[in-house]
Amino acid sequence: MLMRPPAPRRVLAILVLTLFAACTSNEGGSKSGASGGGATGGTFIFASPGDPTSVFPPFVTERVGATLIDLVFDHLADISSALTTTGDKTFTPRLAKSWTWAPDSLSITYSLDPRARWHDGKPVTAADVRFSVKVFTDPKAASPVAPLLSNVDSVSVKDSLTAVVWFKRRTPEQFYDVAYQLFIVPEHVYGSVPVDSLRTSTLARTPIGSGQFRFVQWQPDVKLELDADTANYHGRPLLDRVIFTPTTDPSTRRTQVLTGQADFMENFPGGTSVLDSSKVARELLIPSLQYAFLGMNPYAPKSNNQAHPIFSDVRVRRALSMAVNRGDMLRNVFGDKGLAAHGPFPMMLSASDSTVKLPPYDTAAASALLDSAGWRRGSPNGMRAKHGTPLKFSLLMPATSALRQKYSQLLQEQYRRVGVTLLIDAVDSKTYTERVQPGLKAGDFDAIIQTFSTDPSPSGLRQNWGTAGIGPQGQNLMRYSSVKTDALMDSMSASFDPAKFKQYASRAFQQIADDAPAIWLYDLTEVDAVNRRINVTQTRADGWWHSLAEWSIAPDKRIDRDRIPLSATPSAR
Amino acid sequence: VRGRLAARLGQSVVVVFIVTTIAFFVIRSAPGDPFSYDSARITPAVRAEWRARFGYDQPLIVQYGRYLWSVAHGHLGYSTLRNESVASALAEALPRTLALAGLGLLLSFIIGVVVGTAQAARRGGWFDRITSYVLLVLYSIPDFWGALVILLVFAYWWQVFPAGGIVDAMHDYMPPGRAFADRLSHLALPLASIVLLTTGAISRFQRGALLEVLPADYVRTARAKGVPESRVIWKHALRTALAPMIVLLGIMLPAMLGGTIFVEQVFSWPGMGLLAARAIGSRDYDLVTATVIVGAVLVVAGNIVADALHVALDPRVRE
């Protein structure tokens, strides 16, 4: 008997029913009853802004990649939540269970934890430490981390569990340099690939580490999945799996988090009141290592020697600093959740100092200073001018930054009141980088609103505000130069006594504040959104994810996806 | 016919070559390059090393010559954004966009033809006026705004469909039936956005085409013979009025690839539009140029197919 072909109407009905079933099944939404496992279990979905460009530690350049490698790979030792970078007192063991210093401090001997295993089951050895340093520092690899490990001379292997790291010179942060910047990668996996080919190698897309989470799969633009390493030498993480779902549009990520489709997103847009009233997600405020400022170019745009007609005069820079009410701007933009910047550093930096004296808000004094510098009101529109040249400058900023857009408008209005014309020059991010970063078009701006994201090390400030950081190979975008500041920062970097280290740092900060190369606007506090069923233990200023292995979901709060056992993971099937 | 086809193919190769050349130079003249990150951590020396490694420090004309040589040998280059070959990136993205755009166009076409025909059959009546107004409004809505409204209503307020992605994060753990339903549910909103935003144009075109046909002699003859009005419209008149519509279909498919950029962006649909937008933003030179090449090839192919259909369906053109 011949089967009758399905009628179009029947096919349509099946499709509609299937679609209905999909929409009502609510994979991520239904609550479980009392059933569920013990302390461990759960699936954490991170709505990430995109895919990482690399998942191999030496080549990671952006935040998503940094998140992933911190979960999959290990350091020799872990920095404390206070992010102290001098000495080794506050560091805790990770791959190295202990370490000893040579009497001259030019080498440190690391004893590896014998329980440590790579995710393929092979033991972690001292040869892996030597290989890691080689990969990170070999010029052929061109790792962006290499300059940060420039003090490392070599690594010798005493035995399979003992590695000796040799340094070129003794510095207060030599332990931090290795512990924080270097991830240990397995030689038996990557050693067969020529160093200069590692960046494009397919092996570098399937990372094998020793961290508490294992790499499972990466479907570009769809998801990147990790699961718990149940046999990890530091214990298994409380969550079963972590899935990154790249979602470019922030409003889509926002919807995913507010509907429970995802569990976490960074930089939640649209204010915290939405999260306060949400039954699904709540806010997670994380002070960061980022600070924002309005920088004033001491040189004419595109010039390395011609003084800027406005900003080369310290009186004008100080006056412009005193003409704006930083507190009001902070409240206007962030409400009661903003953090004022206190100088050329984020407050989360271990050497930060909230007592640095910044030019006070005083429009009368600002006007007087501008008058004394020759910039007087007098033109028909009441704006200031000097020898017929109006007091007018442009403020370069990336158009994609909503925060900086708001600040630029507030600054514009406040400067107008004291007779200064500010023109907003909003450009796309690549154009901004090209005009600001050292290179052929370096310094192609009058003023910028810039955010600096720092490492925990205060020594990094030398690159941002020291004379050594000026030029095509440096990171001193404002080309600020002061002999006094340089001397103080050199003394800071050479101080082994933490108290003296901080003292010199404070004096350097004060000197920069007095020279007023910039107006310090705000410290960035990350407003993240996290599902209410996730129990967040702690976060760190250099990344919310550092203690993700300790985040958990209580059994009575678990939903369908939390109850999928680890044995169902594709790699385990 | 063969001669004309060969001539069209020759023209197409020239068009693709010109478009490729323009794309190559335009993206390289934009500020920044693949390695100009806004990150103080990456030193200029490292950036310079990476540029040299990919040959981006060479004079433009040298880069262009190398690129043409590479494309001529079937290599579309390396994506610095995705750290894989451009061909791999395209192989993943193109089918997704073709599925979304193709299905969207098919549904838009079916709905547009039905509505346009019904409008023409009841010209000036309430159905014609109301649907014309509604479709004009839908047609006027900017793509990204329309997609955002659909996202807000169906994914956030009513929560009946997922808010983005091609599948659920837990898709791999679902049984086959549920996995299929999951795919459909993720397709629903981007598809609905495309259908809503393109149906208006198609129905208006169809309405106009049918109104041109209805006064024809053969239609009058059919009516005079007593053929029911619905049969006159839906069988006799529609058949003739569909010819230009099928040509339109051939032209619209590649044009739609560009139109899906916003829809793909809003719903995180990992197709060509999203890939191209990200590639442009990160100045992924080879990937940008390759997406332009693919777009150009699809446009010229669509035009050739449309011409061929036109010739096949309209005897006057053959003559």
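In what order do the three strands of the open sheet in chain A run, and is their pairing parallel or antiparallel? In this predicted model, the order is 14-15-16 and the pairing is antiparallel. Strand 14 (376-377) and strand 16 (389-390) of chain A stand at the edges of the sheet, and each has a single partner strand, so one side of each is left without a neighbour there. Strand 14 of chain A is joined to strand 15 (residues 384-386) of chain A by two bridges, the two strands running antiparallel. Within this part of chain A, R376(A) lies opposite A385(A) of strand 15.

A parallel pairing is found between strand 17 (residues 392-398) and strand 18 (residues 421-427) of chain A, where seven bridges are formed. Opposite S394(A) stands L423(A), a residue of strand 18 of chain A. Strand 17 of chain A is largely enclosed by the rest of the structure, because six of its seven residues are buried. In general, the strands of a sheet pair through backbone hydrogen bonds, in either the parallel or the antiparallel sense.

The loop that connects helix 12 (429-436) with strand 19 (447-453) of chain A contains D444(A). With a relative accessibility of 15%, D444(A) falls below the 20% limit and therefore counts as buried. Beyond its neighbours within four places in sequence, D444(A) is in contact with P301(A), K302(A), L396(A) and R435(A). The C-alpha atoms of D444(A) and Y432(A) are separated by 9.4 Å, the two residues being 12 positions apart in sequence.

The interface of chain A with chain B involves 69 residues of chain A and 63 residues of chain B. About 5,400 Å² is buried between the two chains, and carbon and sulfur atoms give 53% of this area. R199(A), D221(A) and K430(A) supply 14% of the area that chain A buries against chain B, a contribution exceeding that of any other three residues. Five salt bridges are counted between chain A and chain B. In the salt bridge formed by R205(A) and E84(B), the closest N and O atoms are 3.7 Å apart.

Several elements of chain A each provide at least two residues of the side that touches chain B. They comprise helix 1 (8-25), strand 1 (43-48), strand 8 (213-219), strand 9 (223-228), strand 10 (241-246), helix 6 (250-258) and helix 12. Helix 1 of chain A provides the largest share of that side, with six residues. By residue class, the side of chain A that touches chain B consists of 23 nonpolar, 29 polar and 17 charged residues.

Chain B contains 12 helices and two strands. Read from the N terminus, its elements follow the order α-α-α-β-β-α-α-α-α-α-α-α-α-α. The C-alpha trace of chain B extends over about 85 × 55 × 35 Å along its principal axes. Chain B has 319 residues, of which 48% count as buried. Among the contacts in chain B with a separation of 6 or more, 72% are between residues 24 or more positions apart.

Conventions. Residues numbered from 1 in each chain as written. Chains lettered and ligands numbered in written order. Predicted model: local features only at pLDDT ≥ 70, side-chain atom pairs only at ≥ 80, totals over all residues. Heavy atoms only, no water. Helix = DSSP H or I, 4+ residues; strand = E, 2+ residues; numbered from the N terminus. Buried < 20%, exposed > 50% of the residue type's maximum accessible area, 1.4 Å probe, protein only. Contact = heavy atoms within 4.5 Å. Buried area = accessible area lost by both parts, 1.4 Å probe. Salt bridge = Lys/Arg side-chain N within 4 Å of Asp/Glu carboxyl O. Nonpolar A, V, L, I, M, F, W, Y, C, P; charged D, E, K, R; others polar. Pairing = 2+ DSSP bridges.
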